[in-house]
Every structure is written in structure tokens, then in C-alpha cells.
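Subject: Handover of a structure and its findings

Dear colleague,

Please find the structure below, together with its sequence. A summary of the findings follows it.

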Amino acid sequence: LDFSSPSAGSILGDEADMIIWDGPVEGDEKSKARLDLLARQALLGGNRIPVLWGGNFDVLKELHIKAGVDVGQHGMGWNGVPLTTDEGQAKSLPWAAQFLQCDDDKKKDMCEKLDVKYSTQCWVDRDDVKPPEAQGVHVEEGRDEKHAGHRWHRLLGRVLAFTVLDVLQDAVSTWSDVTITAGHPLPDEYWHIGDYYKGMREKVAALESGPCGGAKEYVPERLCRVPAKARTEYTPRADPDNTSILSIMKPAEDGYVPRVQEEMLYGGADRANPAMAIPADAVDVVEIVSLGMDQDKEADARRRRTASGEASIPATADAEWGGARLGRRASGPARRSLAEDVAIVPGSGWEIIGELPGRCDGTASGSCGRLKSSKCLLSGRHDSRGGVLGNEFSGWLVMDVKDVKEGVVVLKLETDRKAEESKRTEGWTAVNNGKRRLGEDRAAERRLLPDGFEFDFAIDGKKQTLDKKAFEEKISKPQDGVELLTVLDDPSVKKGSIEVAIRLRGCGRDCTIMLTHVYWA
């Protein structure tokens, strides 16, 4: 996670119990600022106060000491893991420990061998789906020496699971200890944690900027103390339909609204993947957590499903995710007049690129991608970096941004996109392909084509224009591939709902950009 997700409460969901930093732990001030901003947004937004897990220890320590935030670090879990010395000896080890740890001189030939390090399969034959492309044997992306592999991730997952189980055991012990003396039911103060959440949020909001203050070079410093909301076309994200930029975009006058163009080859659940099956003689964690059921019956049923190729996870309830995702149109008027009498009318030249189709929410039951062009349909990928793409001919991109309380709006852009990526405006020579509203003056249309690049943005119809120099000075780049533009920073704006609009001028298709995130507070 990075500056792509400073408003964790919106994109990651309002019910997160843990926020896990699963990237490099860096100690420079910029890295600390990114982590601190993400952590504070996770704590300030959403319905719950999550436990923060992983990342720079100094940042976590300060939040714990000064605001009482629950934090933790990844454990490695290597204690007790036996060494694998050769392939014959590996068979005598518990299945989960086989080839997990080798001496340095044997890693390359045993534990680091690609067929040992990764266990993947691209397709399981089925009568109802025939892939147009020949399917590969393995997931090839990331299948190399530098990535960790499934065995290490399984170990890390079990360490996290033991941590959660340990906390649950503490909770059960507290319940037992209290009710032994006070009787049943357990008193309300042990159940209701609203006051606990409120107190912690108040402490976080009152904190000095700390490491997060380093983010003021890129975004308003107030975001260290107030919760932000966000919309994006990146996936995975929680509640994909309602956390997309499309959900706040206003349609063009002809009703056009962008949508994800590619469609999934098929919907519903995948067949169980044999590469993920547990050997019959191995310890089955699912069996352990299913105590109280008929274990033999349940285990046999799971193994029969794996052998027959039946789905091992439930199908997504919403079958419509098999097709292309449509944007939900924002309500409200589609135009607003500027002081110079140039109407803000949503353009018809914007499009979605780079986003996978389906319900890409990162859950085990989500169905995502499955493109007709895929050569590994069982890869299970949910990650994509999509956005709303456009250029001068695309016209205005107009968004209805609700629940603005702190007067902050920040856009994340990609300004290095290529003209040929814009299929929507291919062959166009004018805004909206030359289509004009009745009564529109051609002089106004000519004003869209001055010499030199210009970037217009408008807040509730009040337009500002940045020429190329001003635009480059105003846009910030906190890290590679991240460009942020603050279009509103006014604490007096607390009106709830505002209209935000952007457009490009003076550049035709040569200045194609992509909007990937909208943040506001």
C-alpha cells in the first residue's frame, strides 16, 4: 500500500479488523509519512478501529504510545520448522513443513526450485466452459527466484492465524473469569466498544503531525487528522460498484457513461484447483476449525469435490458480474454555468481502461478477470490498475462528490498515457466528436483550442485554469508512478455535496491522461 490508498476506510471497506502492511519496511522519512498517513486514515474512517500490522516500527510505536492504537509486527514462525535435507527425507516430514527450510547450500536445488516453490495450475477441464486460448501449465507471472512462493505465504498465514486465535483465547478467558464471579450475562461494558473507538479516534485526531507531517508536500496536512473518502478504478477494492469513480460520474447529455469494456468468459465459481488440494494424510486445518461437525463426512465430501472438479467455494451471489460492469450514474443536474457563460457539460469522450471485469473485491468468493484472452484462467488475479482515460476531445469529466466536510479534494492522475490508448476519441478532431448542444456558440468551441496545454478544473462551477507551467508546479509526485493534484483546499467549504469537473484544452489527443483516484474530506 502507498499513496494510492491514503483513504483506507473507503477503498478497503468500513469493517476492516486488521490493516496489514505487506510491502517493504523502509526507514526514510517519505516512507514513514506514507505509512503514517495510511494508518491514520484507517483509524479515523470506517466503522471499526482496525489493528495495524506490519510496517515501520517507529510509526507503529508512536501511534500505540500516544493514541493507544493496537499494533503488531509479522512473526516469521521459523522456530520448530525442520530442515529439509533431501527429497527422501522430505517425505518423512509433516506435509506443511516439507521443503520449507533448507540449508543455504541446498536452497537452490531443493527449496528454491520453481516446481517446489510454487504450486499452481491454470485450468481444470469442464463441459460448460471452453477457453478460446490454450491454457498454460502454471501461473507464469511472478514465478521466479525473487518472490516468496506459496509455502512461505502459508507459513506467514498460519502465524497470523495463531495470533488471532491467541487473542480470541484471551477474550474467552476474560468472559469466563468475569462470569464466574459476576454471573451471566456478561456485563455490557465488555460487549459495547463504541466509547473505546470514539476515544481512540479523538486521540488520533489530536496527535501532532509526526511522520505524517511529511505528506504535506503532496496533500493538505489536515488529512493527518480528518477522515477522507475515495473512489478509484484500481482493484481489488471493497464494494466495487459503489467505490468506483464511475459511481460519482455524471452521464453525458446523450446518456453515455463509461464502462469496463472487457467481459468475463464465464461467471460463478471455479472448479476446485488440484494444485491447492491437501493430501489425504496431511493435517487439514479446515477439519480442525470445523469441530462439532462430522469430520470424516466433511473431509470425504471435500476430497470428493476436489476429485470431481466441483466448486470448493460458493458462487458469487450476483450473477451479473459475468458481464461488463456498468457505472452507476450520479444524480443531479448535468450542467452548470460558469461566470464567462461556458457551460460545464459532461463529455462523451471518456473511457475506462486497465480495469478487470467482474466482482474484484479480493475475497475468496469474488469472481474477477477471466478474460477471453487469458492463458491462465485459474490464476485468481484481482489486481488491476484501471482509470478514466481522456484528452481534450473527451470534454468535461464531471463528478458529484458527496459528504464534503473539510474542503479537501485531491486527484490522482497519470499524465504519461499515450494517445493511441484512447480508443473512444480515435478519429475525433473536436470535443465530443464535434457534437454541439443546440444554441451553443461556435466561438465558445474555438476557445477550447488555444495554443499550449491548459488544464481546467471547476468546483461548483467556479473554474480555474492552469497552463502547462502552473500545472507542472502544482502537481506533486510523492513516489514513482504517483501524481497528485489538489484542486480544493479550503476549510470553509463544509457544504456536503459539491460538483468537481476537469477537462484538458489546447492539446488534442496528444495530452491523454488518466484519472485513477479521487480523494476528499
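The second largest pocket has a volume of about 1000 Å³. A pocket is an open set of points on a 1 Å grid over the protein atoms alone, where a 1.4 Å probe fits, with protein on both sides within 12 Å along at least five of seven lines. The volume is the space filled by probe spheres set on the points, which are joined across faces, edges and corners. Lining residues have an atom within 4 Å of a point. There are 23 of them here, and those closest to the centre of the pocket are Val51, Val167, Leu168, Ala171 and Ile193. Two or more lining residues come from each of strand 2 (51–53), helix 7 (150–182) and helix 8 (194–206). Helices (H or I, at least four residues) and strands (E, at least two) are DSSP runs, numbered from the N terminus. Helix 7 gives the largest share of the lining, eight residues. By type, the lining holds 16 nonpolar, two polar and five charged residues. In this count, Ala, Val, Leu, Ile, Met, Phe, Trp, Tyr, Cys and Pro are nonpolar, Asp, Glu, Lys and Arg are charged, and the others, Gly among them, are polar.

Two notes on the source are needed before the side chains are discussed. This is a predicted model, in which local features need pLDDT of at least 70 and side-chain atom pairs count only at pLDDT 80 or more, while totals for chains, interfaces and linings use all residues. Residues are numbered from 1 along each chain as its sequence is written, and side-chain values use heavy atoms, with hydrogens and water left out.

The whole structure contains 31 salt bridges, each being a side-chain nitrogen of Lys or Arg within 4 Å of a carboxyl oxygen of Asp or Glu. One of them joins Arg40 to Asp36, at 3.2 Å from N to O. These two residues are four apart in helix 2 (residues 29–44), and are therefore separated by about one helical turn. Arg40 is buried at 1% relative accessible area, and Asp36 is buried at 1% as well. Buried means under 20% relative accessible area, exposed over 50%, and partly exposed in between (1.4 Å probe, protein chains only).

Arg503 and Asp456 form a salt bridge at 2.7 Å, N to O. Arg503 is in strand 17 and Asp456 in strand 13, 47 residues apart. Asp456 is buried, with 0% relative accessibility.

Five disulfides are found in the structure, each a pair of cysteine sulfur atoms within 2.5 Å. Cys102 and Cys111 form one of them, with sulfur atoms 1.9 Å apart, and this link is right-handed, with 70° about the S-S bond. Another disulfide joins Cys122 to Cys376 (S to S 2.1 Å). The link of Cys122 and Cys376 is left-handed, with -90° about the S-S bond. Both Cys122 and Cys376 are buried.

Yours sincerely
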